[in-house]
Amino acid sequence: MTEFLHPSIFFVACAAAVWLLPGRLGRWLPPVAAALAIASVLAMQPGSYTRFSYLGLTLGLGRVDSLSMVFAHVFAIQALIGFIFALHVEDRWQHVAACMYIAGAFGCTFAEDYVTLFIFWEMMSVASTFLVWLRRVPASTRAGIRYFLFHILGGLLLLAGLLLRHQATGTFAFEAADPAAARFYDTLIMLGFCVNAAVIPLHAWLPDAYPEATVTGAVFMSAFTTKTAVYVLLRAFTGFEILGIMGTLMTIYGVVYATIENNARRILAYHIVSQVGYMVAGVGVGTAMTVNGACAHAYAHILYKGLLFMGAGTLLYAAGTAKLSELGGLFRRLPWAFLWYMVAAVSISGFPLFSGFVSKTMTIIGAAEAHHTWLALGMEVAAVGTFLSVGIKLPYFAWFGRPDPGIELKPVPRNMYAAMAIAGLLCFYIGIQPGFLYRLLPNPVDYVPYTPWHVLQTLLLLGFTGLGFYLLRHKLVPEAKLNLDVDYFYRLIGRWVLALARRPVELIDNWWTEFYNRAGLRGLMNIAGGSVWFDQRAIDGVVDGTAAGVRRVGRTATGAQTGRLQDYLAAAVVLGLAVFALVWYAG
Amino acid sequence: MEQQTPPAHAPMSAPAKRLRNLFFAALGLLVLLNVFIHPHQPHFGLETTPGFWALFGLAGAVILAKGAKGLAHTVLGKDENFYEKKE
């Protein structure tokens, strides 16, 4: 037992301590928890730990092997960077939510069976919803609800799949599925994973919710949700060809939207879809080289995407907006944010000397060597689009582009710059010392990134992308517009249901009101009054004002006067657990 | 705010022009190098043609930018308050 200390323990303990400690003391704890997590990951030896029996079921919380190690390694580092970036945040609930969220991510990474995985999976979606809600503006409340509902859907797909799988095979073991003999339950589980990996067309929650999250919350979310999903896909679905195709489509889909988006954080969110596409494609092609590529790219991506969100978050924090149409010319006043942002931008674009170069080319060349030439070419198109939108367009229109519009800037806390510096130096270090990253990968690496041809090919590709931008720079001016995406459909379904449901619900409601008035249930009213008091004092006190927003959303969504969407969500969770218990005892 | 067209064809300053010419020269040099440096394991025939990846980058950027902007100006682009107004 001494070889393995589960990193989630530190974060759960930290969440409890931050909650209980008075005043501002608590916010110094999360970086300590993250440092302890790094130490525990470095000390780990491969093996299976923390197994115990529960209800006749063997649960395993500690599967340590080369695949879980590489993800745990970068999760721990990014947790430290993220908490340093968030050190100035005085809202303790944001720290609690982030701690629980990261604890969930570590739980998923080391889970040895589907039951354990499912529990931590749901813990992540609940905690990350709070990272959206805690921005405490109406737009984030609404986006958080949509985010949560969509992840409930993903969780239910996973739950249905793992229960059917247990029925058929008698095991909850979280092992690789056979691409040649995939069953229906495998498809359900894969769909559940694909929701979190933002595989199109299940991706719309991501660019919908991330730009509405708190400045620091988005930094955490960009690292853990999609990459945990990549990890579980690698664990279970390596070699499923459909993922190779969907992944490549994701890489291009993301950059098309990023090219036309106006909100800096939404551009970056679409680039998560695009970048995770490389990893999903690597999983789908499924050779030793592309699996390595997917892991390496996840590692590099977590660091530079976090840094990009820190850069854009700094703009939002200082200027109060992340819309490119309202920014511009800020180079002289926010030079450090620009510098660190650019380190991340050249990393994501795959410039030699930076981290993206040593990981992205691995996946692309791996796909080409596995004779998936079209997939490789598709990913090269996406590489062009990445540099075009994140490498040139975003920084050009945020920091240059036009004269300084004279927005009043809030001073940026030093810890934010410190976190950016750490992340930026790591991006550079991995770029010049790829061996550091390659040693962590699950398969032996015989790929050499720095050959004259690889460097020349990359410089040609990106240099002429730059020329393309130069020629079209007047066409690419960001416009203050909203671009429709798949979420249009489920927002529409909500409206249809609303229209359909309104009439019968109103009928029942009228009848109930009538009954209520005649029966005059005084006692019931007193109980209700008490629970309302508890609800408002105890719960609204925790998430200040959010409940009111939820109630408003609930009203429009149900169309009835009850306005209790949160009750339905709770009911759905309880129902899910009841179904699970039933199947368990009956089966 | 909507009609914010940038100073579309503002004349370039002298240092900016020098920078641009330097950039063009670098691109030319890269294509020249491509005549001598070839892929060690070409994955398809065209890849060995000097300047292939240069053309790929330029064409990719132009088609992506034009295509995406075209989509935004026809089907995808809506008013910023599109969803709020309908609710």
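Two residues are in contact if their C-beta atoms, placed from the backbone, lie within 7 Å. Keep that in mind for this predicted model. Take chain A, and count its contacts between residues at least 6 apart in sequence. Of these, 81% join residues at least 24 apart.

Now look at what chain A is built from. It has 22 helices and 3 strands. Its length is 587 residues, and buried residues make up 54% of them.

Next, pick out two of the helices. Helix H11 of chain A covers residues 264–285. Helix H14 of chain A covers residues 355–369. How are two packed helices described? By the angle between their axes and the distance between the axes. For H11(A) and H14(A), the angle is about 35° and the axes are 10 Å apart. Their crossing is left-handed. H11(A) brings Tyr278(A), Ala281(A), Gly282(A) and Val285(A) to the contact. H14(A) brings Lys360(A), Thr363(A), Gly366(A) and Ala367(A). Sorted by type, the residues of this contact are 4 nonpolar, 3 polar and 1 charged.

Finally, move to chain B. Find helix H2, residues 52–76, and in it Leu58(B). Is Leu58(B) buried or exposed? Count the C-beta neighbours inside 10 Å: there are 22. A residue is buried if 20 or more other C-beta atoms lie within 10 Å of its own. Leu58(B) has 22, so it counts as buried. Which residues does Leu58(B) touch, leaving out those up to four places away in sequence? They are Phe464(A), Leu467(A) and Gly468(A). Here a residue of chain B touches residues of chain A.

Conventions
Residues are numbered from 1 along each chain as its sequence is written. Chains are lettered from A and ligands numbered from 1 in the order in which they are written. This is a predicted model: local features need pLDDT of at least 70, side-chain atom pairs count only at pLDDT 80 or more; totals for chains, interfaces and linings use all residues. Helices (H or I, at least four residues) and strands (E, at least two) are DSSP runs, numbered from the N terminus. A residue is buried if 20 or more other C-beta atoms lie within 10 Å of its own, exposed if 12 or fewer, and partly exposed in between; C-beta atoms are placed from the backbone. Axes are lines fitted to C-alpha atoms, for helices over the stretch in contact, and angles run from 0 to 180 degrees between N-to-C directions. A crossing is left-handed if the near helix is turned anticlockwise from the far one by less than a right angle, and right-handed if clockwise. Ala, Val, Leu, Ile, Met, Phe, Trp, Tyr, Cys and Pro count as nonpolar, Asp, Glu, Lys and Arg as charged, and the others, Gly among them, as polar.
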